[in-house]
Amino acid sequence: MILLYGAVFLCYFALFILSYRKKKSLVKCSKKSWEKDNRYGIKEGIFGDMANYIYEVLLKGKMLHQKDVNESLFILYPEIGGKEEKKNSYLRQFYIYKIRLWLFIVFAGNILAFCLWIGSRAESAMTEGRYISRNAHGMGSRELNLQVKTKDKTEKNRQDIVLTVEEQGYEEAVVKNMAKEISILLPDTIRGMNASLEEVRDKLDLVSEVKGYPFRIGWESDNYARIYPDGTVMNEDVGAEGEIVNLTAAITYGNYKEEHIIPVHVFPPDYSEEEVWKKKIYDMLTSQEEKNRYEERMELPESIEGEKLIWSEKIEDNSGYLFLLICVGAGAVYLLQERRLREKVEDRNRQMLMDYPQLISKLMLYLGAGMTIRNAFQRIAAHYHKEKQEGGDYRYVYEEMLLACHELDGGISEASAYEHFGKRCRLPQYTKLVNILIQNLRKGSSGILDALRQEAKNAFEERKNMARKLGEEAGTKLLLPMMLMLGIVMILIIIPAYFSFSL
């Protein structure tokens, strides 16, 4: 995994060098519009420069599908209009924001995964490739996952071995008045994976202590060629009828000592070649561990049967999973940016529908006061512009009205300006309003107030329906949190009641 993390860092470094060389030429082409219309708050920096460089590469390679994004940006930001420079600036900002966010998440994930990789190895118990540090007195034993292979053998001889290294010089003893109880438990305790001590084919679990009893138990065998003190059963050359081996359990506590003899019937095993190889290595390890138990560290054997052994500790390394998860998350964040853009378009349409009745009412008020449609349009847009400069909210419909007023000031016909206004709004309600205004220009203003009153009535009804729908959606979204809260309340009630009944 370290090669992967290093490759990622090298990629970022190469990308940084390339982006730094191209920085001036890339920023120069859009710096003015960037500083003026920075919608995403993107600042110049390492990740911003790299994202800018990647965007230019993707743009030249025609690997960006910009049609839907262009349309959404045009809807959200009507001030783009037909200005090619502004359109390119907004599009650049959107993609650079996405790429910059993705680069930052992957880089942070790579650092976290690398730190986890280092941390997992910092806790390694093996030093110098062949020594295992023991725990100090009273700290208990430690279990290690070892991996061993011979230098000249094939990959199939690589073995994974779990080794328990006892603490340094640890001793415990037994209590006299509990010796009888433990003597009854020992036969069933030491059988390990065997069905019973009447048929032993696998390693015995010759425990040094039994949970709940303060004993130190030592084991002796009347035939060490068959059963080692650690419970290892050497039964490769045992006949089919088996052999009886007597084990002696020495239960001690201080000066007190008591011995129990336990007969064991040993039968031959059925080992594969791989199991025989692993068993030889493990036997050598356990023998070495017993040999220098009171030393500060344990030395692993260098060879077996003339074959040189190469040792390494098998470390649980989850850094790769973390890095993969973060990369997937970064990709999801990148892809969700376009979805967020579509959601912004939906929010814009919802806002325009909510503002529609208010716009109709304002038009009716100004037209009823004797103003022309053009003057009313300009008065409403100018009032919004003043409020926005004083810190008011951004309202899409009034931004569209400002653009329509700019078109009127630029000399375009009134009917064309209203028609463009309706097309940019992209909602049937505003299309209907534009038709009323254009019809008024063609036929006169005799019935426009009646038409606007009827439209205002319909608009308020639609707004009430929309508010009701939004309320229902909010109630649906709150259903899951309410169910979770109900479950928590039920747990808080049931658990104390259960314990009170138990008492």
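Arg 348 is found in helix α8, residues 319-368. Helices here (H or I, at least four residues) and strands (E, at least two) are DSSP runs, numbered from the N terminus. This is a predicted model, in which local features need pLDDT of at least 70, side-chain atom pairs count only at pLDDT 80 or more, and totals for chains, interfaces and linings use all residues. Residues are numbered from 1 along each chain as its sequence is written, and side-chain values use heavy atoms, with hydrogens and water left out.

Is Arg 348 buried or exposed? Its relative accessibility is 0%, so Arg 348 counts as buried. Buried means under 20% relative accessible area, exposed means over 50%, and partly exposed is in between (1.4 Å probe, protein chains only). Leaving out residues up to four places away in sequence, Arg 348 touches Ile 75, Leu 76, Tyr 396, Glu 400, Arg 424, Cys 425 and Arg 426. Contact means heavy atoms within 4.5 Å.

Now step back to the whole protein. It has 14 helices and 10 strands. Of its 503 residues, 37% are buried. Take the contacts between residues at least 6 apart in sequence: 69% of them join residues at least 24 apart.

Two of the partners of Arg 348, Ile 75 and Leu 76, take part in the contact of α4 with α8. Helix α4 covers residues 67-76, and its axis comes within 10 Å of the α8 axis, crossing at roughly 35°. Axes are lines fitted to C-alpha atoms, for helices over the stretch in contact, and angles run from 0 to 180 degrees between N-to-C directions. The crossing is left-handed. That term applies if the near helix is turned anticlockwise from the far one by less than a right angle; clockwise gives right-handed. From α4 come Val 69, Ser 72, Leu 73, Ile 75 and Leu 76, and from α8 come Glu 338, Leu 341, Lys 344, Val 345 and Arg 348. By class, this contact has six nonpolar, one polar and three charged residues. Ala, Val, Leu, Ile, Met, Phe, Trp, Tyr, Cys and Pro count as nonpolar, Asp, Glu, Lys and Arg as charged, and the others, Gly among them, as polar.

Next come helices α10 and α11. Helix α10 spans residues 396-409, and it packs against α11 at an angle of about 155°, with the axes 9 Å apart. That makes α10 roughly antiparallel to α11. Angles under 35 degrees count as roughly parallel, over 145 as roughly antiparallel, 65 to 115 as roughly perpendicular and the rest as oblique. The α10 and α11 crossing is right-handed. On the α10 side are Val 397, Glu 400, Met 401, Leu 403, Ala 404, Glu 407 and Leu 408; they meet Glu 414, Ala 417, His 420, Phe 421, Arg 424 and Cys 425 in α11. Eight of the residues in this contact are nonpolar, one is polar and four are charged.

Helix α11 (residues 414-425) also meets helix α12 (residues 428-443): their axes come within 8 Å and cross at roughly 175°. The two are therefore roughly antiparallel to each other. Among the residues in contact are Tyr 418, Phe 421 and Cys 425 of α11, with Tyr 430, Val 434 and Leu 441 of α12. The contact divides into nine nonpolar, two polar and two charged residues. Between α11 and α12 is a loop that holds Arg 426. Arg 426 is not a glycine, yet its phi is positive, near 60°. Its relative accessibility is 40%, so Arg 426 counts as partly exposed.

Phe 421 leads on to the core. In soluble globular proteins, nonpolar side chains tend to be buried together. A nonpolar core is a set of buried Ala, Val, Leu, Ile, Met, Phe, Trp, Tyr and Cys residues joined through side-chain atoms within 4.5 Å. The largest one has 65 residues, and those with the most contacts inside it are Leu 73, Leu 103, Leu 359, Phe 421 and Tyr 430. Apart from it lies another core, of 23 residues, including Val 207, Ala 249, Val 264 and Val 266.

Val 266 is also one of the contacts of Val 233, leaving aside neighbours within four places in sequence. Val 233 lies in the loop between β5 (216-221) and β6 (243-253). Its relative accessible area is 3%, so Val 233 is buried.
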